[in-house]
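I opened this entry to note what I looked up, one item at a time.

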Amino acid sequence: MSSAAPAQWAEHSAELREGIIATGIDPTSWAYAEDYTGEDEVVTGARASAQDSGVAAIGPGTAAALSLLAASVGAKAVVEIGTGTGVSGLALLRGMRTDGTLTTVDIDAENQRLARKTFLDAGVPSNRFRLIAGAGLDVVTRLTDGHYDLVFCDADRRENTAYLHEALRLLRPGGVVAFAGILTGGRVADPAHRDPDTTALRDLIRAVRDDDDLVSALLPTSEGLLTAAKRLG
């Protein structure tokens with residue numbers, strides 16, 4: 001495994017570190033945590049494809065957290081909204097059970113072609129992933145209630161609250177929902193930012209935090225990962 005981050009992530013992480021310095025969190029420790037697991041050539045290739053396609057891939061810390069979440073719940077059935085070029089999907093697959101299946105949805109068929117290549121290059125059998133091209137809400141509303149162990153959302157920020165509603169329907173008790181890109185370089189935490197995307201993220205955070213049926217945490221990995229587990233009872 002290579003611990004070297006590709007150029008596009010290095011540039012983005014430098015911006016994040018500037019914000020972290022301002023908060024008093026040690027930037028060296030943050031960088032060490034981000035690069036803790038390292039990434040192989042398949043992942044760095046998927047990141048390069050994302051940069052070429054103008055797709056924002058999750059950071060290494062978020063990828064590691066997704067693998068951990070999938071492993072922690074023994075995930076066999078996972079839904080991903082926002083396939084991208086396969087960085088997050090591969091992280092989920094690597095944490096899931098070896099007989100598990102990832103259902104991943106993206107409105108861009110070209111993204112999914114690149115993600116398929118990522119998965120196959122990593123040696124993932126084709127029967128372990130299902131790529132569905134379409135709008136996230138149009139697709140997930142047709143999926144089976146209570147059938148999934150984990151739902152990961154990295155798509156239209158303004159639809160996140162609707163994704164949350166669908167995720168709670170899809171998840172079994174004890175299942176986990178996660179949302180990427182929550183901290184947005186400090187905009188969510190700064191009340192001066194009131195643009196529609198930032199406001200939608202604050203609404204999502206509030207909805208997750210105030211739901212008594214969820215146990216949640218907002219993790220400062222990469223660009224921020226909001227996580228919540230559906231209570232068993």
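I started with the contacts of T83. Beyond its neighbours within four places in sequence, T83 is in contact with S88, T104, V105, D106, Q112, A115 and L131. The model is predicted, and I read these contacts as such. Is T83 buried or exposed? I found a relative accessibility of 2% for T83, so T83 counts as buried. The cut-off for buried is under 20%.

Next I took the second largest pocket. I noted a volume of about 210 Å³ for this pocket. How many residues line the second largest pocket? I counted 14 in the lining, and T37, G38, A63, S67 and R94 lie nearest the centre of the pocket. Which helices did I find behind the lining? Both α4 (60–72) and α5 (87–95) supply at least two residues each. The largest share comes from α5, with five residues. I sorted the lining of this pocket by class: eight residues are nonpolar, four are polar and two are charged.

Last, I went through helix α2, residues 27–34. Which residues of α2 are buried? I listed W30, A31 and E34. They lie on the same side of α2, because they cover an arc of only 95 degrees around the axis. I then checked the face of α2 turned away from the buried side. That face carries the exposed residues T28 and Y32.

Key:
Residues numbered from 1 in each chain as written. Predicted model: local features only at pLDDT ≥ 70, side-chain atom pairs only at ≥ 80, totals over all residues. Heavy atoms only, no water. 1 Å grid on protein atoms, 1.4 Å probe; cavity = no way out; pocket = protein on both sides within 12 Å on 5 of 7 lines; lining within 4 Å. Points joined across faces, edges and corners; volume = space filled by probe spheres on them. Helix = DSSP H or I, 4+ residues; strand = E, 2+ residues; numbered from the N terminus. Nonpolar A, V, L, I, M, F, W, Y, C, P; charged D, E, K, R; others polar. Buried < 20%, exposed > 50% of the residue type's maximum accessible area, 1.4 Å probe, protein only. Arc of directions from axis to C-beta. Contact = heavy atoms within 4.5 Å.
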